[in-house]
Amino acid sequence: MVCQMRVNKIGVTAVAFVVAFAIGMLGSAPVSAHDGVLCRSSRWTCDGNLGYNPNRAYWRQYTGHNCTNYVAFRMIRDGAPRNFGPFNGNATVWDDYFKRRGLKVNQNPRVGAIAHWNGNEYGSGSGHVAYVDKVGKNWIIIDEDAWRGSNFRRKIFKHDANWPGRFLHLEKK
């Protein structure tokens, strides 16, 4: 009886070790844009409660949870014109709009720039935009909102497949 209890105890300990090891291995997976979520909220708290009003249309974008209205809010908060536009609520047209206005569109992230993905990038048919909040040597931290009802703060590494296709700057070329 004592011998059987020791075997069971050793078996339980072995199973616990294997489970702990497996969980530890999962936690060491490489970081991607989806794994790089630093904050997720449905109430716009990931940006430090900067005052986004989802019932107001910024740059004539759609109200509520969406990337374009949120980025327009952040840009206005940084001193951008309140009446920039008009362009529709789909982020896919933003890079073309900036180019037609002679504004910088390039591969250089800077704090205050707009991270931009076209419809075939980042898994969105309508494209996507996010506010660049921090820039490191090979990474950025973005604040973003999504029509699915959440806003995020993410860290994206340059080698990640979800690195923005381009960055939009409110300054002339």
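Arg153 counts as buried because its relative accessibility is 16%, where buried means under 20% relative accessible area, exposed over 50% and partly exposed in between, with a 1.4 Å probe and protein chains only. The model is predicted, so that local features need pLDDT of at least 70 and side-chain atom pairs count only at pLDDT 80 or more, whereas totals for chains, interfaces and linings use all residues. Residues are numbered from 1 along each chain as its sequence is written, and side-chain values use heavy atoms, with hydrogens and water left out.

**Salt bridges around Asp133**

- Arg153 forms a salt bridge with Asp133, the closest N and O atoms being 2.6 Å apart, a salt bridge being a side-chain nitrogen of Lys or Arg within 4 Å of a carboxyl oxygen of Asp or Glu.
- This pair links distant parts of the chain, with Arg153 in strand S6 and Asp133 in strand S4, 20 residues apart; helices (H or I, at least four residues) and strands (E, at least two) are DSSP runs, numbered from the N terminus.
- Asp133 also forms a salt bridge with Arg74, for which the closest N and O atoms are 3.4 Å apart.
- Because Asp133 lies in strand S4 and Arg74 in helix H2, that pair ties together parts that are 59 residues apart in sequence.
- Asp133 counts as buried at 18% relative accessibility, and Arg74 is buried as well, with a relative accessible area of 4%.
- Arg74, Asp133, Asp143 and Arg153 are linked in a network of salt bridges, and the structure holds nine salt bridges.

**The Arg154 and Glu144 pair**

- Arg154 forms a salt bridge with Glu144, with the closest N and O atoms 2.2 Å apart.
- Here again distant parts of the chain are linked, since Arg154 belongs to strand S6 and Glu144 to strand S5, 10 residues apart.
- Arg154 counts as buried at 8% relative accessibility, and Glu144 is buried with a relative accessible area of 2%.

**Asn151 in strand S6**

- Asn151 is found in strand S6, which covers residues 150-157, and at 1% relative accessibility Asn151 counts as buried.
- The side chain of Asn151 reaches the backbone nitrogen of Trp44 at 3.2 Å.
- Leaving aside neighbours within four places in sequence, Asn151 is in contact (heavy atoms within 4.5 Å) with residues including Cys39, Arg43, Trp44, His65 and Glu144.

- Seven strands form an open sheet in the order S1-S6-S5-S4-S3-S7-S2, with antiparallel pairing, two strands being paired if DSSP finds at least two bridges between them.
- Strand S1 (37-41) and strand S2 (103-106) stand at the edges with a single partner strand each, so one side of each is left without a neighbour in the sheet.
- Neighbouring strands of this sheet are turned by 30 degrees against each other on average, direction ignored, with axes being lines fitted to C-alpha atoms, for helices over the stretch in contact, and angles running from 0 to 180 degrees between N-to-C directions.
- Strand S3 (residues 114-117) and strand S7 (residues 166-172) pair in the antiparallel sense over three bridges, and Ala115 stands opposite Phe167 in S7.
- Helix H2 (residues 67-77) packs on the sheet, touching S3, strand S4 (128-135), strand S5 (139-146) and S7, and its direction makes about 40 degrees with that of S4.

How values were computed: Polar contact = N/O pair within 3.5 Å; in protein donor to acceptor, adjacent residues only side chain to side chain.
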